[in-house]
Amino acid sequence: MKGTPLTDQIVEYMIELFPAEDALLRELRSAAITAEIPAIQISPEQAAFMQVFLRAIGAKRVLEVGTLGGYSAISMARALPADGMVTTIELDPFRAEFARGWAKRAGLSSKIEVRVGAGVDVLERDLAGSGPYDFAFIDADKPNYVRYLDLILPMMRRGGVIAGDNALAWGEIANPNAQDPSVLGMQAFNRAMAARPELQCSLIPIGDGMCVGVVL
Ligand SMILES: C[S@@+](CC[C@H](N)C(=O)[O-])C[C@H]1O[C@@H](n2cnc3c(N)ncnc32)[C@H](O)[C@@H]1O
């Protein structure tokens, strides 16, 4: 084993020492479970990492595909300046409304805009020409990740960053015999990120892994 494997004890240590989850986000998580929204949001240590990243690049405009209950959108919006904006796309109208409600409770209604629809449609139809964005977070249906990358790349500023969640594909990313369409989608996405001459990329092994690329 090269490097240090992230044990549960180490992850707990990271979350405790560098907290990104406050009482509101904890409440959001449990309200989402009550509302039968699956608990597939980013992990608290991913949220901390993204907040550091957003501040490091001076991000103001963020684009997200895959809102769920708004956990990542709220985490990101908190790391933006007062005039910053997270535009986030969600297929499921119930989840979109839930996320709007929690953005309001977090006092972030003016910094989080939830668009309802299929990611590809919203990007092509509603958000064409809406760039440049400083940061894009792809966290929706895995088979469409490469499509999202193709659509989002021209919308990014130079020095902006694209991040795709689940870059470790639940531990299956390096499996050459993978059949699951979501795993295949993530393998294709990581390969596409690595192959784009406009990007310099790295895979950050926190949570289920984030493939991040800076636009050259
Ligand atoms: C992993 S969750 C997003 C988690 C969220 N980013 C967070 O960390 O709080 C993926 C979300 O993408 C949504 N989704 C799935 N297919 C989609 C599509 N084609 N377009 C937009 N959203 C989609 C799902 O409904 C789900 O809420």
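Helix 6 and helix 7 are roughly parallel to each other (angles under 35 degrees; over 145 is roughly antiparallel, 65 to 115 roughly perpendicular, the rest oblique). The model is predicted: local features need pLDDT of at least 70, side-chain atom pairs count only at pLDDT 80 or more, and totals for chains, interfaces and linings use all residues. Residues are numbered from 1 along each chain as its sequence is written.

**Exercise 1.** Describe the packing of helix 6 against helix 7.

*Solution.* Step 1: locate the elements. Helix 6 spans residues 119–126 and helix 7 spans residues 145–152 (helices are DSSP runs of H or I, at least four residues; strands are runs of E, at least two; both are numbered from the N terminus).

Step 1: take the geometry. The axes lie 10 Å apart and the packing angle is about 15° (axes are lines fitted to C-alpha atoms, for helices over the stretch in contact; angles run from 0 to 180 degrees between N-to-C directions).

Step 2: list the partners. Helix 6 contributes Gly119, Val120, Leu123 and Glu124, which meet Arg147, Tyr148, Leu151 and Ile152 of helix 7 (contact: C-beta atoms, placed from the backbone, within 7 Å).

Step 3: classify them. Five of the contact residues are nonpolar, one is polar and two are charged (nonpolar: Ala, Val, Leu, Ile, Met, Phe, Trp, Tyr, Cys, Pro; charged: Asp, Glu, Lys, Arg; polar: the others, Gly among them).

**Exercise 2.** Carry out the analysis for helix 7 and helix 8.

*Solution.* Step 1: helix 8 covers residues 181–195, and its axis is 8 Å from that of helix 7, at an angle of about 30°. Helix 7 is therefore roughly parallel to helix 8.

**Exercise 3.** Determine whether Val212 is buried or exposed, and identify its contacts.

*Solution.* Step 1: Val212 belongs to strand 7, residues 210–215. Because 21 C-beta neighbours lie inside 10 Å, Val212 counts as buried (20 or more other C-beta atoms within 10 Å; exposed at 12 or fewer, partly exposed in between; C-beta atoms placed from the backbone).

Step 1: beyond neighbours within four places in sequence, Val212 touches Val161, Ala163, Cys201, Ser202 and Ile204. Ser202 is 10 residues from Val212 in sequence, with a C-alpha to C-alpha separation of 5.5 Å.

Step 2: for comparison, consider Glu172, in the loop between strand 5 (156–165) and helix 8. Glu172 has 16 C-beta neighbours inside 10 Å and so counts as partly exposed. Apart from neighbours within four places in sequence, the contacts of Glu172 are Ala178, Asp180 and Val183. The C-alpha atoms of Glu172 and Ser182, 10 residues apart along the chain, are separated by 10.0 Å.

**Exercise 4.** Examine the backbone at Pro132, Leu68 and Asn166.

*Solution.* Step 1: the Gly131 to Pro132 peptide bond is cis, with omega near 0°; Pro132 sits in the loop between helix 6 and strand 4 (133–138).

Step 1: Leu68, a residue other than glycine, has a positive phi near 55°. Leu68 is in the loop between strand 1 (61–65) and helix 4 (71–77), and is buried because 24 other C-beta atoms lie within 10 Å.

Step 2: Asn166 also takes a positive phi, near 70°. Asn166 occupies the loop between strand 5 and helix 8 and is buried, with 23 other C-beta atoms within 10 Å.

Key:
Contact = placed C-beta atoms within 7 Å.
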